[in-house]
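I opened the model to look up two things.

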Amino acid sequence: MEKPNVVRRQRVKRRARRMMRRVLPFVASLFMATPLASSINKSVAGGVRTEARAVSAKQMQVAFYEQNLQNLYHDLNVEQQGLHYDVFEKAMTGYLNLKQDNKLGDKQLLTVVDFSLPSTEKRLWVLNLATKQVLFHTLVAHGHNSGENVATNFSNENESNMSSLGFYVTDSEYMGKHGRSLKLNGLDLGYNDNALMRSVVMHGADYVSEDFIRQNGRLGRSLGCPALPMDQYAQIIDTVNGGTCLFINGQSPTYSSHYLNTEVAMNAYLGGTQSI
């Protein structure tokens with residue numbers, strides 16, 4: 001499946017080519033030394049310039065937006081930590097869509113979980129987009145039935161004991177069987193919108209540790225929750241609570257989300273203060 005931004009760029013290029021095919025015959029007539037050529041010169045040239053300016057402005061907006069995402073990615077220095085740009089780009093696209101939809105609070109935070117990485121790697125990032133800092137980079141467990149060291153299966157069904165992909169907004173805290181926990185409101189219909197009903201939450205677990213990896217060759221697994229290390233979960237909950245964006249990525253050819261609309265993300269960015 002092609003990435004949305006790739007499809008969009010190809011669409012812009014196709015529009016530019018179509019425009020040039022339409023105007024080239026008229027451009028040729030501008031160089032004809034005839035009274036007719038002289039009479040249409042101004043009107044045709046004006047139309048060509050208008051269309052060219054429109055395409056050029058669009059291309060400049062796309063380039064400006066994409067360059068700013070690249071700059072933010074490099075400023076955060078997450079590539080060296082294993083966060084791939086395509087995952088970051090998807091997470092940012094969803095963040096901007098949710099921001100445009102007024103679904104996020106005031107904190108400019110983005111939490112990314114990449115379940116395409118093995119559980120033995122630190123695959124959770126909490127990013128402060130305002131200060132361009134990585135606040136947390138740590139281990140996180142996936143669901144028991146999603147796979148062994150790598151999560152390959154995902155579900156939105158109750159009692160599936162699998163992780164669910166997609167975009168979430170952090171909800172309220174509560175005290176549950178795992179102690180202090182943070183509810184997660186899944187926003188992707190059919191993929192994670194049963195999260196609250198399934199009690200898929202952030203919580204601490206003693207099976208999420210380097211010691212467990214050394215003894216077992218992988219992390220322990222949850223019943224579908226993105227479980228966190230015991231020495232960090234409270235600080236992470238303190239930080240990300242109150243309506244912040246969480247994106248869980250994974251290897252799934254069927255996952256899709258209307259929050260991955262690049263056009264909306266770009267317009268949200270360009271229509272704001274030109275800051276994430």
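I noted first what counts as a pocket: an open set of grid points with protein on both sides within 12 Å along at least five of seven lines. The model is a predicted one.

I looked up the second largest pocket and read a volume of about 250 Å³. I found 17 residues lining this pocket. Closest to its centre are Lys177, Arg198, Ser199, Leu223 and Cys225. I sorted the lining by class and got six nonpolar, eight polar and three charged residues.

Entry two, the helices. I took α3 (residues 85-100) and α7 (residues 262-271). Their axes lie 8 Å apart, and the packing angle is about 65°. Angles of 65 to 115 degrees count as roughly perpendicular, so α3 and α7 are roughly perpendicular to each other. I logged the crossing of α3 and α7 as left-handed.

Which residues of α3 and α7 meet? From α3 I listed Thr93, Leu96, Asn97 and Gln100. From α7 I listed Thr262, Val264, Ala265, Ala268 and Tyr269. By class, this contact has five nonpolar, four polar and no charged residues.

Conventions
Residues numbered from 1 in each chain as written. Predicted model: local features only at pLDDT ≥ 70, side-chain atom pairs only at ≥ 80, totals over all residues. Heavy atoms only, no water. 1 Å grid on protein atoms, 1.4 Å probe; cavity = no way out; pocket = protein on both sides within 12 Å on 5 of 7 lines; lining within 4 Å. Points joined across faces, edges and corners; volume = space filled by probe spheres on them. Nonpolar A, V, L, I, M, F, W, Y, C, P; charged D, E, K, R; others polar. Axes fitted to C-alpha atoms, helices over the stretch in contact; angles between N-to-C directions. Helix = DSSP H or I, 4+ residues; strand = E, 2+ residues; numbered from the N terminus. Parallel < 35°, antiparallel > 145°, perpendicular 65-115°, else oblique. Left-handed = near helix turned anticlockwise from the far one by under 90°. Contact = heavy atoms within 4.5 Å.
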